[in-house]
Amino acid sequence: MNSASDAPSVSGADRSVRLTGPTGIQMDTPLQARDDDAYFTASQATAARAYYEEHGYVVLRGVVPAEQCARVSAFFDEQIKPYDDFIYRQTTGNPEKHSLSARGHMMNPILNVQDLPQSSFGQFRAAALDVIAGESIHQVLKAFFGEPARLVQSMFFEGNPITPAHQDTYYLDSTAVGRMVAVWFAIEDIAPGAGRFYVYPGSHRIALPKPSGDTSYSYHHDQYKAVVLKVIEDSALECRAPALAAGDVLLWHPSTIHGSLSTTSPEASRRSFTGHYIPASTGLLQFRSRDKKLKLRPVNGMDVNHPKSRDRLINKLIFLAETRAPKQFRALKRLAIRILVG
């Protein structure tokens, strides 16, 4: 839990909050969405795209209807929060039980809500897909891509895992590099101290230096994080943490440096989704080298990737092995990879 000295300071006249950015620099961020820029609405997708192309991100207000946000939260409280067994998590990619903060927030985000089993989480999954594969966001992304979108990965957050500054393209992108669009969906009003999402405008135009003698961007992860922070400092980039209300979304370019600020109000949750989308004419690229096979199913008119659908028998058996004999399963997986790689 953070001490009182870590709490954000609030200025009265401009209704802004002073927070600490990822490089340790103090920054002012709007207290609430009404104190921030208006940005755009879903009906202004053309203007929003122009802003996105210039700055590497854009905010759209009120994209998700209030009732959809309320349904997600209600079914999360009813079906996900009391669950005491394993779920695939974004931080590790492995099945884990809930890791709860001292205030009871789920700190290990759910990976690929579309793969949750119907039997245990059907209502939450349906409510989630109405948001991240709904008509509103699909139409926005069509305007950005000039063609239909595919949802290739999703996450759901309640607590803030404090995501370090990074570019998504290091991990995943469209096979047409730079065309992936990521979207952060606020399901509730995001308090300043809850771990707001931040971006560095213009950073999508900066190519990170490659490791010496290497062309694959294959940094060790800690080295990669240090390189990103050095680029931020050397380029004197500005950090922005827009204030988002329930239903607002933030879209960003795969090369835009972004993350989440530290939590200074541990009592505040930050219920939200992240979705990664690619144009339907392209594939999914992992670590700038691997064309990842997609397992697509239509949901609400959008193709959605289901890499580990737990409604399929084979995935049920794999999940059972991962959770009942994790060490043995991972050892066999490493062995299989070595054999395949040669």
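1. A helix here is a DSSP run of H or I at least four residues long, with numbering from the N terminus. One thing to keep in mind as you read: this is a predicted model. With that said, start with helix H5, which covers residues 221-234 and holds both Asp234 and Lys230. The two sit four residues apart, about one turn of the helix. Their side chains form a salt bridge, and the closest N and O atoms are 2.6 Å apart. Asp234 counts as exposed, because its relative accessibility of 55% is above the 50% mark.

2. On to the salt bridges in general. How many salt bridges does the count come to? The total is 14, taking a side-chain nitrogen of Lys or Arg within 4 Å of a carboxyl oxygen of Asp or Glu as the rule. The Asp234 and Lys230 pair has already come up, and two further pairs deserve a look of their own.

3. Take Asp36 and Arg61, whose side chains meet in a salt bridge with an N to O distance of 3.8 Å. Asp36 is in the loop between strand S3 (26-30) and strand S4 (40-41), while Arg61 belongs to strand S5 (residues 57-61), so this pair ties together parts that are 25 residues apart in sequence. Buried or exposed: which describes Asp36 and Arg61? Both residues are buried.

4. Next, Glu158 and Lys81, another salt bridge, at 3.2 Å from N to O. Here Glu158 comes from the loop between strand S9 (149-157) and strand S10 (172-174), and Lys81 from the loop between helix H2 (66-80) and strand S6 (87-88), so the pair ties together parts that are 77 residues apart in sequence.

5. Which residues are linked with Lys81 and Glu158 in a network of salt bridges? Asp77 and Arg271 are the other members of the network. If you are looking at Lys81 in the viewer, bring up Asp77, Glu158 and Arg271 along with it.

6. Now the surface charge. Lys293, Lys295, Arg297 and Arg312 gather there in a patch of positive charge. Arg312 is in the loop between strand S19 (302-305) and helix H6 (313-324).

7. Leu313 is in helix H6 and is exposed, with 60% relative accessible area. Ile314 is found in helix H6 too, but it counts as partly exposed at 44%. For a sense of scale, the C-alpha atoms of Ile314 and Ile137 are separated by 32 Å, and the two residues are 177 apart along the chain.

8. Tyr39 is not a glycine, yet its phi is positive, at about 55°. It is located in the loop between S3 and S4, the loop that also holds Asp36. Tyr39 counts as buried, because its relative accessibility is 15% and the limit is under 20%.

9. Ile162 is another residue other than glycine with a positive phi, near 60°. Its place is the loop between S9 and S10, where Glu158 is also found. Ile162 counts as partly exposed, at 42% relative accessibility.

10. What about Met180? Its location is the loop between S10 and strand S11 (181-186). Met180 and Val152 are 28 residues apart along the chain, and 9.8 Å separates their C-alpha atoms.

11. Last, the cysteines. How many disulfides does the structure hold? The answer is zero. As for cover, Cys69 is buried at 4% relative accessibility, and Cys239 also counts as buried, at 15%.

Note on methods. Residues are numbered from 1 along each chain as its sequence is written. This is a predicted model: local features need pLDDT of at least 70, side-chain atom pairs count only at pLDDT 80 or more; totals for chains, interfaces and linings use all residues. Side-chain values use heavy atoms; hydrogens and water are left out. Patches are made of residues with over 30% relative accessible area and no salt bridge: like charges are joined within 9 Å, nonpolar side chains (Val, Leu, Ile, Met, Phe, Trp, Tyr) within 5 Å. Accessible areas come from the Shrake-Rupley method with a 1.4 Å probe; for residues, only the protein chains shown count as cover. Lys and Arg count as positive and Asp and Glu as negative; His and the chain ends are not counted. The place of a charge is taken as NZ of Lys, CZ of Arg, CG of Asp or CD of Glu. A disulfide is a pair of cysteine sulfur atoms within 2.5 Å. Buried means under 20% relative accessible area, exposed over 50%, partly exposed in between (1.4 Å probe, protein chains only).
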